[in-house]
Amino acid sequence: MTALQHVKLGTYYVVHLPEADDFDFWRERARSLVQCDVPPDRIAWVEPGGSGDLFAHGERRMPVPPMDAKPVRANRRFVSLARNAILHSDPERFALLYRLLWRLQSNPRMMEDKADLDVRRVEELDKNVRRDSHKMHAFVRFRLVEIEDEEVGEHYVAWFEPEHHILRANAGFFMRRFSNMRWSILTPRGSLHWDTETMSEGPPAERHDAPGGDPMEDLWRSYYASIFNPARLKIGAMLKEMPKKYWKNMPEAALIPDLIAGAQGREAKMVEKGALEFEERPDTLAAIDKAIHACRKCPIGQLDNHAVMGEGPQDAALMIVGEQPGDQEDQMGRPFVGPAGQLLDAHLEKVGIDRRAAYVTNAVKHFKYVQRGKRRLHQNPGAKEIDTCRWWIESERAIVKPKLVLAMGASAARGLLGKTVSISKVRGAPIPLEDGSELWVTAHPSYLLRLDGSAREEQARLFDADLAAVRERLEELA
Amino acid sequence: MAEQTVLQKLEILADAAKYDASCASSGTAKKNSLGGKGIGSTEGMGICHAYAPDGRCISLLKILLTNHCVFDCHYCVNRKSSNVARARFTPQEVVDLTLAFYRRNYIEGLFLSSGIVKSSNHTMEQIVEVARILREEHDFRGYIHLKTIPEADPEIVHQAGLYADRVSINVELPTDSGLTRLAPDKDARQIEGAMGKVKADLVEAKDARKRFKHAPRFAPAGQSTQMIVGADAATDADIVGKASRLYDNFRLRRVYYSAFSPIPDASAVLPLKRPPLIREHRLYQSDWLMRFYGYKPSDVMQATEADGNLPLDIDPKLAWALKFREAFPVDVNRASKEQLLRVPGLGVKAVGKILASRRHRNLRLDDVALLTQSITKVRPFICAVDWRPITLTDRADLRSLLAPKSEQLELFAA
């Protein structure tokens, strides 16, 4: 036992560290003490500001390791853990690390034993420190200080309160990130200053040393409030990653209570505005009829008019869809009974389609008009109104299950496809629908009514040709 | 109309961007501003600079260049027929905002997307212009994620990849029929074609860098995509299948899921109840199982219930274990890593610790308890020196024993 020649038996050693985060100093002392075989319970480690008086009678002189002392063994895993764990604010950390180093000498693979209490503790310290560092990278908030001197330019200053001794260890991160920016980070444990070329350290600071605000924070707060989705409140998830202790130095955190309080109201308003809350799909035509009479989901439903339900056999192979009821349809409560309906009937008869065998309905269920004296003038429905009403036409399709749908006019086509198409481009050929049926698109008969002379003849010919193609296709499908 | 202020535009265009789930800033090439003229660094790990009360991380300035759009996708708040307030940033305004936020350490960088104005090419050029000014004029070295537009000229998309850390193209909906119905202007083949092109560019750039040290990088953080969950009839099995095909075919870094949420001025073609948020969570869990736990898509599909959806009350790993009880109990002192990874309640880290510790001691139940979050969940599925779950794995009511006590899943359920 050569080492004992250098160590007074029963001596209690006291090691004063110059800095709370000085790993190299700790490593130097710990190496000597291990080489001199000083057991962990004979050493007190005292950091600056720590209670060193308790050990006033301890031995401050370090023992000198013997010439033939064995080298101290520590694997890389231990060194990297220790380097980080020493930044922790736990005053016991130096002793814990020494105990581990001591035990490593006889059991070199001890660090792998994750069930060992000392190993677990050092990993916990390491984890806490890494988290604190990570939160520092995330939550430091710089504020701009304008400096009169043109030469110096802008200076960004942050106030931050880390839990552990991590300031110096993280200087590099901020230097690499903001290398061409003058910045300072002030903390209660010390401060860092970077002038785009050199890093300097300063004494501990107080909150009022840092600037109180920055005009850019208004924009940042408004971004924070806008990017938040009130429809998915998850307060616990937020608190887990951004505990309240950090809030006081983050300009956006002041908004949180109001955002949470307002969330429910905002979501309800969004839903109401979006008229999103449809009930279950009605499963009979009678139920649809009843429901459309009560429908006020778009502005058309709020005019002085009546809903007009489709009519025809519930198992019709052909569904004919128009745009919306007109003045006469609205009064009689039936589709296609006005001038356009009469024209449609004539053309259907001409090509040999039996209207009574078809289910005839409209893309929009209510009559949209503007009042001009005593007359109600037809207005085209808007895209949004057609989309809103699509719910009903889809419900009808789900029940009737036609093999072929004939949409007359751009509004009807939108009601089926969800997008606006050009009639001249899509007419004359089938468009597959997702339920396996097919859609044919043609002009609306009221379009023919508005034309004269040769233009009308031409369009009537095209209309007949479309109807004839539909009839042929129906025969193929039958 | 009076000119909008930057603040007003920011409110509109951030609000419009919040339905994009991704805010990741991780996994890109390491870079910093030392020796440069500007600011910015990326060091591998992403940083979340704030968390909103919706629990989501705020890492990037996530905004749209404009929310004007010529498309009419029904689930989207910015579709042509929607009645929302519109705004438009100039590229320079986005650049100024990004740098001002970055200097104050609010963000890791920029996630820029846009509605389609004029044409797909014009829009894509504007997006690329923002990235160009940031990178070339300001030597910005922070993170940039650009949303690319599948209909745009591949050459412009390629430019985007040269400036950006990550590019993404949204597949939007898990099924083609859903896309046809809800996004009538989009085309599934075009979207996948564009993803294929980006993949080819990624592979080529990586290859070039092996041979030439200074070959330009192309989107070093790869490409990702997003799917909306609950807006169409797709089941979880459909979604998982689609995601795994996307991972395989296009080497995606991530598939993001976004539970369809009510949007202002919604289209009535979405007459749906909001899917519970937990469904999105279960899909992410299954994504994790496939990426880190060695589950195959078919394994996850086996964990779904009769309706093709993952159970909401228990996680997919537990669901799988309950269906395949013959695979348990697993001996923590002998089982392979693959077997241990299948034990409900054991994460990748815990498995690593078990494998390391058991070289030093025969693990008892108490030892395992020290290495895991909750031993109660793990216990029925493992054997240790002093533990053998004799009856537990055969009990019919195991599921109810292990399922978390019923919580209020939907926050605003009526």
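This is a predicted model: local features need pLDDT of at least 70, side-chain atom pairs count only at pLDDT 80 or more; totals for chains, interfaces and linings use all residues.
**View 1. Gly352 of chain B in a helix.** Gly352(B) belongs to helix H12 of chain B, which covers residues 348-357. With 14 other C-beta atoms within 10 Å, Gly352(B) is classed as partly exposed, since that class takes in the counts between those for exposed and buried residues. Tyr284(B) is 68 residues away from Gly352(B) in sequence, and the two C-alpha atoms are 22 Å apart in space.

View 2. Chain A contains 16 helices and 14 strands. Its radius of gyration is 41 Å, whereas the globule rule gives 23 Å for 478 residues, so chain A is more spread out than a compact globule. The C-alpha trace of chain A extends over about 120 × 60 × 40 Å along its principal axes, and 37% of the 478 residues are counted as buried. Among the contacts in chain A with a separation of 6 or more, 72% are made by residues 24 or more positions apart. The domain assignment divides chain A into domain 1 (2-134), domain 2 (140-209), domain 3 (216-274) and domain 4 (285-477), and 46 Å separate the C-alpha centres of domain 3 and domain 4 of chain A.

**View 3. The mixed sheet of chain A.** Five strands of chain A make up an open sheet with mixed pairing, in the order S3-S4-S5-S6-S7. At its edges lie strand S3 (142-145) and strand S7 (199-202) of chain A, each of which pairs on one side only. From one strand to the next, the twist averages 20°. Four bridges join strand S6 (residues 190-194) of chain A to S7(A) in the antiparallel sense, and across this pair Ser191(A) is found opposite Gly202(A) in S7(A).

View 4. In chain B, six strands form an open sheet in the order S3-S4-S5-S6-S7-S8, with parallel pairing. The edge positions are taken by strand S3 (60-64) and strand S8 (254-259) of chain B, each pairing on one side only. Neighbouring strands of this sheet are turned against each other by 20° on average, direction ignored. Strand S7 (residues 223-229) of chain B runs parallel to S8(B) and is joined to it by six bridges, with Gln226(B) opposite Tyr256(B) in S8(B). Helix H3 (residues 120-137) of chain B packs on the sheet, where it touches strand S4 (109-113) and strand S5 (143-147) of chain B, and its direction makes about 170° with that of S5(B). Helix H7 (residues 236-250) of chain B also packs on the sheet, touching S7 and S8 of chain B, and its direction makes about 170° with that of S7(B).

**View 5. The two domains of chain B.** Chain B is divided into domain 1 (6-275) and domain 2 (324-402). The centres of these two domains of chain B, taken over C-alpha atoms, are 41 Å apart.

**View 6. Nonpolar cores.** In soluble globular proteins, nonpolar side chains tend to be buried together. The largest nonpolar core of this model has 174 residues, and those with the most contacts inside it are Leu97(A) and Leu13(B). Leaving aside residues up to four places away in sequence, Leu97(A) touches Ala82(A), Ala85(A), Ile86(A) and Val122(A). A second, separate core of 43 residues includes Ile353(A), Trp391(A), Ala412(A) and Ala413(A).

**View 7. The contact between chain A and chain B.** Chain A gives 64 residues to the contact, and chain B gives 64 residues. On the side of chain A that touches chain B, the elements giving two or more residues are helix H4 (117-139), helix H5 (171-177), helix H6 (216-227), helix H7 (235-241), helix H8 (256-274) and helix H12 (383-400) of chain A. H8(A) gives the most to this side of chain A, with ten residues.

Methods. Residues are numbered from 1 along each chain as its sequence is written. Chains are lettered from A and ligands numbered from 1 in the order in which they are written. The radius of gyration is taken over C-alpha atoms; the globule rule is 2.2 Å times the number of residues to the power 0.38. A residue is buried if 20 or more other C-beta atoms lie within 10 Å of its own, exposed if 12 or fewer, and partly exposed in between; C-beta atoms are placed from the backbone. Two residues are in contact if their C-beta atoms, placed from the backbone, lie within 7 Å. Two strands pair if DSSP finds at least two bridges between them. Axes are lines fitted to C-alpha atoms, for helices over the stretch in contact, and angles run from 0 to 180 degrees between N-to-C directions. Domain bounds come from an automatic or database domain assignment. A nonpolar core is a set of buried Ala, Val, Leu, Ile, Met, Phe, Trp, Tyr and Cys residues joined through C-beta atoms within 7 Å.
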